[in-house]
2 protein chains.
Amino acid sequence: MYVGEPEGPPRARILTIGDELLSGERMDGNSRWLARHLHGLGFQVAGMESVGDDEPAIAQALTRGSSGADFLVVTGGLGPTLDDRTREAVVLAWGVRLRTDQGILAELRRRFEQRGFQKLPETNRRIALVPEGADPLMNERGSAPAIWFHPETARDGAFFRADSPPVVLLLPGVPDEMRHLMAEVAEPRIRDTFGSRFAPHSTRILLTTGIPESELAGRIEELLDREGDEDVEVAYRPSLRGVELGLRATGPETDLRLDRVESLLGPILAPYRYDTDGLDLAEAVGRRLAARRWTVALAESCTGGEVLGRLTSIPGSSAWVQGGVVAYSNHVKRDLLGVAEETLETHGAVSEAVAREMAQGVRRIVPARVGVSITGVAGPGGGSMEKPVGTVWFALAHDGGCRAEKVRFPGPRAEVRERAGQHALHLLYQAVAGEGSQSEADP
Amino acid sequence: MYVGEPEGPPRARILTIGDELLSGERMDGNSRWLARHLHGLGFQVAGMESVGDDEPAIAQALTRGSSGADFLVVTGGLGPTLDDRTREAVVLAWGVRLRTDQGILAELRRRFEQRGFQKLPETNRRIALVPEGADPLMNERGSAPAIWFHPETARDGAFFRADSPPVVLLLPGVPDEMRHLMAEVAEPRIRDTFGSRFAPHSTRILLTTGIPESELAGRIEELLDREGDEDVEVAYRPSLRGVELGLRATGPETDLRLDRVESLLGPILAPYRYDTDGLDLAEAVGRRLAARRWTVALAESCTGGEVLGRLTSIPGSSAWVQGGVVAYSNHVKRDLLGVAEETLETHGAVSEAVAREMAQGVRRIVPARVGVSITGVAGPGGGSMEKPVGTVWFALAHDGGCRAEKVRFPGPRAEVRERAGQHALHLLYQAVAGEGSQSEADP
């Protein structure tokens, strides 16, 4: 085991390298993924930094990143081209020399020959350069290996001109290669090195929709102040689709204590909660429909096909989505869905009566067990005193009848559409409740 | 004018603050937006860093961020709660004192009273704390003001215990507030301070779809090596929807030289290019349809409504999208779109014949001037030797006839759907070519 600071969880720092990050051309998804992954393993992430493809700048950042960190994870700058300066920056920062790793070189040659080339290009030999004392980790998804430096097991005694140097992991910047190398190839070494210092913890995610973060947090905090567990943290992650609750327990019996907090929150969450392995309510809806062998059809007006798009994005959805109609114009509502001209004239397209006829109509023509409709004013135009922007009517029709409801959503056009789509899916989710939780709307 | 290092463009650094960034809970969109914005103004962005809501850590990062930078932009930690530690970190880093700004305090009181509250809560008074010598910039979209420090115009002579201190801008972390304060409120001061050092430059974005980055870059680089302009850089930004080309010219007569490079690239780009103010091809399609007063209807199978969703996401789209049918099952293809049972049996749902009948069918029932259909194998299941996953048939029907084409897209389900949707929109875009660029497919 590597012994750095003995107190608390080990501290990690992240350094990402690339000119495209500093010009804002590319979003730095690697930092976020690494932060989440390292946090999940049990590290405290102490900081993240990004610098360009510039040798002195990388070297300075390596030096800064080493200070006060137990583990420094670096991505980018390991490719074959002369823009890739991470190896040279390591030389500059820590005074270590580079050697050509014969194992990596042989593997690169083998791969080149397999692809029918005669000779490895000279530039590609750069990929096999590894700092003395460090171990290359073979990359099955690309050419550049990851590089693992361990100050205690390094073969070169002069390794690292630094006080209490961190363990360093250099990773290529291509996201798919980086994730594979981090989560699969390097992970055993990371656990060997730091595992005994990770605080035992468990996490759980509870998904909700239809309640604002402030309202939800207010109710939960009030309950947890009285009956909570101070070693179970609750994080709120709001989005247009709802609020994701992240529970994290430390100390003994973490799973039992998560169970206790989850059941404590049960009554507050029940009307808003949904369960799924992924994070998408559409997947949870699909699972319930599939379990009951039910099918659904949609008639979308203001959401314009986005709900159908989300449902059909789930692999295997053809078993429970028949399809539907995007009725953006009144013509389509009337001619295809069979909404009465009189209903449209008397009540307007955004009305309870039209929503009901749309849900019943789509269920009849597709046909499917459940029909769901959405008609509203997404904005920016089209609002009125009586029906302001954000007003949306929903209906859900089945053999047992049809129910409708109205919601007014805040925000600009895209948000109204997103929130309305999520609301429609949640209505459907509740209506297709499984055994033991049948609601009155159960078809 | 503020004189730091006189050579080259001024150097900016970005510091974002928040525990949620280090745990990977939230993507750091602020860094990227700021990097792009600062780069666009004419700064060289020298580095970006993120730290948690921890006073000593923020103070260290402020000190590091000041070194070698002309402009340091900081976001986060300015709210009213005790978690917000940026002000205190400024005290710690630079030995400056905090004062209560009476103007900000009065404004906060006024807003509170307007909302019907009697008294400003004590915690909210924190928002009016400003380092001595610094100017608060009023935030119209939220409560916390931005804070602007200028080492030369600071009223307190003892301001900043640092050599060649940078100009510092502290911004709240809420993205909408941050962007508004940066791009509108602080911008005149930024231009006053650094404007004379910005290298004159112009940028232009050219959008393409339907050609891989490597192929496009190969053709362009070959041409530019012969006839290009060495002061016009070309950046390639690939996504599932296509490749965005970013041109950036420096030196004299930047616009003229961008025009020259753009027309040089014209023949290469023509089959793949589209124009829009936003970045979405759906918007470009809508503009062309609107200009010709044409309407479109879609019949989507494997894309499941996503193309309709993209088209209807454009404000005002009801003028040119009638709606359409998501025909996920063969029932819907047959009963609603009128695809012949025999066609389905003989050719299968993913075939030229079915694509044609779908496009003609949806145009008839909706009705609309142009009908577009998409039917394919998105995967992961459903592929065969003859029709492997990724095979998609498209058809476009109008008064003048109907044409169909097949493409095989790479990637998993979500990518096939995204690429197929973009391809359908591009077919439509080309078919609705405006005056002077009528193609043979012009309806």
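Me: Why is the crossing of α10(B) and α15(B) called left-handed?
Reply: A crossing is left-handed if the near helix is turned anticlockwise from the far one by less than a right angle, and right-handed if clockwise. The crossing of α10(B) and α15(B) is of the left-handed kind. One thing to keep in mind is that this is a predicted model, where local features need pLDDT of at least 70, side-chain atom pairs count only at pLDDT 80 or more, and totals for chains, interfaces and linings use all residues. Residues are numbered from 1 along each chain as its sequence is written, chains are lettered from A and ligands numbered from 1 in the order in which they are written, and side-chain values use heavy atoms, with hydrogens and water left out.

Me: What makes α10(B) and α15(B) roughly parallel?
Reply: Helix α10 (residues 281-292) of chain B packs against helix α15 (residues 413-431) of chain B at about 25°, and their axes lie 9 Å apart. Helices here are DSSP runs (H or I, at least four residues; strands are E, at least two), numbered from the N terminus. Axes are lines fitted to C-alpha atoms, for helices over the stretch in contact, with angles from 0 to 180 degrees between N-to-C directions. Angles under 35 degrees count as roughly parallel, over 145 as roughly antiparallel, 65 to 115 as roughly perpendicular and the rest as oblique. α10(B) and α15(B) are therefore roughly parallel.

Me: Which residues meet where α10(B) packs on α15(B)?
Reply: From α10(B) come B:Leu281, B:Ala282, B:Ala284, B:Val285 and B:Arg288, and they meet B:Gln422, B:Leu425, B:His426, B:Leu428, B:Tyr429 and B:Gln430 of α15(B). Contact means heavy atoms within 4.5 Å. By class, this contact has seven nonpolar, three polar and one charged residues. Ala, Val, Leu, Ile, Met, Phe, Trp, Tyr, Cys and Pro count as nonpolar, Asp, Glu, Lys and Arg as charged, and the others, Gly among them, as polar.

Me: What makes A:Cys402 count as buried?
Reply: Buried means under 20% relative accessible area, exposed over 50%, and partly exposed in between (1.4 Å probe, protein chains only). A:Cys402 has 19% relative accessibility, so it counts as buried. B:Cys302, at 4%, counts as buried too.

Me: Why is helix α4 of chain A said to be largely enclosed?
Reply: Seven of the nine residues of α4(A) (residues 86-94) are buried, so the rest of the structure largely encloses this helix. The buried residues are A:Thr86, A:Arg87, A:Glu88, A:Ala89, A:Val90, A:Ala93 and A:Trp94. After α4(A) comes A:Gly95, with a positive phi near 65°.

Me: What makes A:Arg293 stand out in its phi?
Reply: Most residues other than glycine have a negative phi. A:Arg293 is not a glycine, yet its phi is positive, about 55°. A:Arg293 is found in the loop between α10 (281-292) and β13 (296-300) of chain A. With a relative accessible area of 76%, A:Arg293 is exposed. B:Arg293 also has a positive phi, near 55°, and at 76% relative accessibility B:Arg293 counts as exposed.

Me: Where are the peptide bonds from A:Val366 to A:Pro367 and from A:Gly379 to A:Pro380, and are they cis or trans?
Reply: Most peptide bonds are trans. The bond from A:Val366 to A:Pro367 is cis, with omega near -25°, and A:Pro367 is found in the loop between α14 (352-365) and β15 (370-376) of chain A. The bond from A:Gly379 to A:Pro380 is cis, with omega near 0°, and A:Pro380 is in the loop between β15 and β16 (391-398) of chain A.
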